[in-house]
Amino acid sequence: MTPTPTPSPGRTAVARPTGTRFTRVLGAAVLLGMAWLVLFGLFLSPNDEKQKAGVRILYIHVPTAWLAYLAFIVTGVSSAAYLFKRTRSLTWDRIAGASAEIGVLFMGITLVTGSLWGRISWGIFWTWDSRLTTTAFLFVTYIGYLAVRNLGGTHQQRARRSAIIALLAVLEVPLVHFSVKWWRPLHQQESVAEGKLSGLMLFSLFVGLIAFTLLYVWLLLHRQRVMAMEDALDDQGLDVALAERRAEGAQV
Amino acid sequence: MSTWRIARLIAAKDLRIELRSRIVTNQVLPFAALVMVMFAFALDNDAVLTRVAPGLVWLATMFSMLVLVQRAFAVESADGALDALQVAGVRPGGIFLGKSLALAIELAVLEIVLLIAAVVLYQADVAGSGVLLLVATFVAATTGLAFVGTLYGGLAAGAKGRETLLPLLMLPVVAPVLIGATRATEAAFGTNGATSSEGWPWVGLLVLFAALFGLGGTLAFGSLIDE
Amino acid sequence: MFAVMSTSDQTPYVIASYVITLGGIGLYVWRLLARARKIAPQVREEDRPWT
């Protein structure tokens, strides 16, 4: 797309460092989708009979929650793909990392919008329902995962370490979920999707879901590419250092 | 050398170091007892204390465990001992089981002290069929905690900022143990009229937890500590 | 259970949730692209196979 004139690393600005024609089209679609979401979610859709205006929060809360779960599933699958010898590639590791980061972002948004919704619908910000509690634990667990990614070492070390942590998280989540479910059986039926949505409301939710899915793909592509550049930069630093040492050796 | 023999040797080495350095007896145990006293200051009500005694025992165990795990791996990473063990061809599964065994024994000592503190300070009370449940709960929960502590301790060992990383990684994972062990202990103590038969399903959860992380740890430990 | 508040009382919460969501994502995107722009010139072109 954008031919950079400098073949060797230079200081020339790159017009679209991580963009391609595809991501630009996708980005435009995301912006359009978000505009639609705001238009329908805040203005064109009616108030719910029971929840009144509170239902408008659900158009962003539900999609971000679903996408966060999807992002963590992608992290788990890519981590398994990295550990599996025949598909081992640092690209899987970067996809896992990028997806986890986006998942944490979305899950954070889900928790905030969810507690705002809870405040106006239940009168409380938080309840120790198993779904809410599991979600909060997921959030913290993947923050830990991201911290493990920054521990240092070679790219391969980082990839293997974080892939194992991601798979341990897959082991941990059901354990947390069921123990919390046993712990507070009374809150079980308090589900987020209480009340029926219809017509324009359902359509607004649908718009939100599509907009956030496209956003997830866009973010994943860009984040993954930035990570690839960061890794390449690390390697370059190493190459340069090695070349310098060799030059020193040659002089002696 | 069989994996089990490696595990026994490593556990014996760790416990010998702890016995000689006396850090556990002189610092960690007093810290745990202090936490129990501080809880009493914070809650300031005898009835409430008796009610929450089981949870406080396990909460104090987990906080003290963070210190124990740091110690267990500070010993290893200080002289690159963990790397040396690996270079020597010692099976990582054996190292994992050995370090877990040592940690479990240290935790058990800690829990006995905390339990006595709960009985003395918080008027907790065990009787009859509760004793068996209590023993089962402590064995299962301690095993699970030791596996998780060793697994994540090994990962954080030698890393920058491990003191802060370890709680972040470990506490969410051990949350099911906190819930399960607290409920089972409440049943054993008869807190709030709970009967000991209510506690056994929780012991099942604790056993499942210990089995899963024991298996996962034995398989994954080698890759985690490999540098 | 529902509608503890009147619709007009709910409005700030609804607005806040949209602002936090779009603002949070916007901030993340901005930082991501800024980072990309900063490091791209230092990376060899063959390390950026998508361009």
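Which residues in H4(A) meet which residues in H7(B)? Before the answer, a word on the model itself. It is predicted, so local features need pLDDT of at least 70 and side-chain atom pairs count only at pLDDT 80 or more, while totals for chains, interfaces and linings use all residues. Residues are numbered from 1 along each chain as its sequence is written, and chains are lettered from A and ligands numbered from 1 in the order in which they are written.

Now to the answer. From H4(A) come Phe137(A), Val140(A), Thr141(A), Ile143(A), Gly144(A) and Ala147(A), and they meet Leu165(B), Leu168(B), Leu169(B), Pro172(B) and Ala175(B) in H7(B). Contact here asks that the C-beta atoms of two residues, placed from the backbone, lie within 7 Å. By class, this helix contact has 9 nonpolar, 2 polar and no charged residues; Ala, Val, Leu, Ile, Met, Phe, Trp, Tyr, Cys and Pro count as nonpolar, Asp, Glu, Lys and Arg as charged, and the others, Gly among them, as polar.

How do these two helices lie? H4 (residues 130–149) of chain A and H7 (residues 162–189) of chain B pack at an angle of about 145 degrees, with their axes 9 Å apart. The axes are lines fitted to C-alpha atoms over the stretch in contact, and angles run from 0 to 180 degrees between N-to-C directions. Helices themselves are DSSP runs (H or I, at least four residues), numbered from the N terminus, as are strands (E, at least two).

Let us step back to the whole side of chain B that touches chain A. Here 19 residues of chain B are in contact with 19 residues of chain A. H7 and H8 of chain B each supply at least two residues of that side, and H7(B) gives the most, with 9 residues. Its classes are 15 nonpolar, 3 polar and 1 charged.

H8(B) deserves a look of its own.

Finally, chain A has 6 helices and 0 strands. Its contact with chain C takes 45 residues from chain A and 33 residues from chain C. Helices H1 (21–44), H2 (55–83), H3 (90–121) and H6 (200–251) of chain A each supply at least two residues of the chain A side.
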